[in-house]
Amino acid sequence: MGERLLKLTIDVLSQPAVLIALISFIGLVLQKKPASEIIKGTTKSFLGFIIIAAGAGILVGSLEPFGKMFEEAFNVNGVVPNNEAIVAMALTKYGTATALIMFFGMIANILIARFTNFKYIFLTGHHTLYMACIIAVILVVAGLSGAALIIVGSLALGLTMAVFPAIVQPFMRKIIGNDKVAFGHFSSVGYALSALVGKVVGKGSRSTEDIKFPKGLGFLRDSSVTIALTMAILYGIIALFAGPSYVESELSNGNHYLVFSIVQAVTFAAGVFIILSGVRLVLAEIVPAFKGISDKLVPNSKPALDCPIVFPYAPNAVLIGFFCSFLGGIVGMFLLGVGGAVIILPGVVPHFFTGATAGVFGNATGGVRGATIGSFVNGLIITFLPVFLMPVLGDLGFASTTFSDADFAVTGILLGNVANSLGAIGVTVMVVVLVLLVALLGFFKKNKSQSEQVGA
């Protein structure tokens, strides 16, 4: 019975579609909407995230052979960062701790949003699961167990769910033009750096969406066409380097290697198109529904949503960001090889999702130059940070994969090094002090705004 309940908890809380549907339902009920609107809003929110997940699945499926062709073409072996793979391995040993930290961490996130100035409710369920997992691993390796493990882990998770969205919210406002939606994807450090790089290098650079095409190439203004054609060229080049014998014997089931590559490229574009459609549907439903949560439970709170939420605002930057982040990963891989460190291979999936998002953030502050250089920096970051994360993961540090996104690495490196230096007591004190600092920061900001209103 206990195992069934544990599985139910993990399955419900780690499914973004279920989580979003529940939030929409609660928000609409709190607003006392008619039953017909509650059913419609809940269902469309659920449907929107299922569409996003379907698009992401298509993307991942089309990128997998690209990654294999890349490894074959350039004969490289090493560690491939992949959140799903490392979490699947970790849950066999740390599953109970992860589920409990995830559940109570979400409650901690709501309490932090309610009583501090960090008004962000993190709704990306699978990333919450991944962060709960890395926190559980680090704290168990540090020697924590029982109630102390769950309490400290939940506070740490709640902090990450509130603080990381706050880091990128100034840039998020610039991207979407308002403050109604926040950003909930644990690679915020890379996105913030991309936006800051854009500020430095992008003065006078036009937006990626203002790129002018010659009249005869007007069809390239359609982002779906641009993505399909660009990816077809890239897939074709990598397939040529990998060789027809490898592609046809290992990947395409005997189909011509160039035909297979073109199909995968256009499938990739289809995945992007589906994601953008799902994002529009979710935004149309979740923002009005979330008003009930904001008004009744956590005043002025914002839903922090997954990275595809920004894709419709700069589709050209999405493609530029992917390419430049992947290029950064390749450069980082060679630098690690020269330095004699563990080689981190550029995972195509993390470089697409984080690189594309970094491109949008870089474009918001620095146009084409910001998107290009900012996402390249993101590629370097998610290549080098996993090297410093692996030593603090205990037995998992010897696995052939690791966490891929920047915030997982930053959190793990911070907690792990404090735990190694100061032990279980040290890491407990650090987490409690950080929670108190966040609460005090919110208190002082609240008092300051009140005094300014009195003075006015």
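A cavity, on a 1 Å grid over the protein atoms alone, is a set of points where a 1.4 Å probe fits but cannot get out, and its lining residues have an atom within 4 Å of a point. This is a predicted model, where local features need pLDDT of at least 70, side-chain atom pairs count only at pLDDT 80 or more, and totals for chains, interfaces and linings use all residues. Residues are numbered from 1 along each chain as its sequence is written, and side-chain values use heavy atoms, without hydrogens and water.

**View 1. The largest cavity is lined by residues including Pro81, His351 and Ser404.** About 50 Å³ of space lies here, a volume being the space filled by probe spheres set on grid points joined across faces, edges and corners. Look also for Ile344, Leu345, Pro346 and Gly347 among the lining residues. The lining has six nonpolar, four polar and no charged residues.

**View 2. Strand 3 covers residues 302–305.** Strands are DSSP runs of E with at least two residues, numbered from the N terminus, and helices are runs of H or I with at least four. Lys302 and Ala304 point one way, Pro303 and Leu305 the other, and all are buried, meaning under 20% relative accessible area with a 1.4 Å probe, protein chains only.

**View 3. Strand 3 pairs in parallel with strand 1 and with strand 2.** Pairing takes at least two DSSP bridges. Strand 1 has three bridges to strand 3, with Tyr120 opposite Lys302. Strand 2 has two, and Phe183 stands opposite Leu305.

Technical notes:
Buried means under 20% relative accessible area, exposed over 50%, partly exposed in between (1.4 Å probe, protein chains only). On a 1 Å grid over the protein atoms alone, a cavity is a set of points where a 1.4 Å probe fits but cannot get out, and a pocket is an open set with protein on both sides within 12 Å along at least five of seven lines; lining residues have an atom within 4 Å of a point. Ala, Val, Leu, Ile, Met, Phe, Trp, Tyr, Cys and Pro count as nonpolar, Asp, Glu, Lys and Arg as charged, and the others, Gly among them, as polar.
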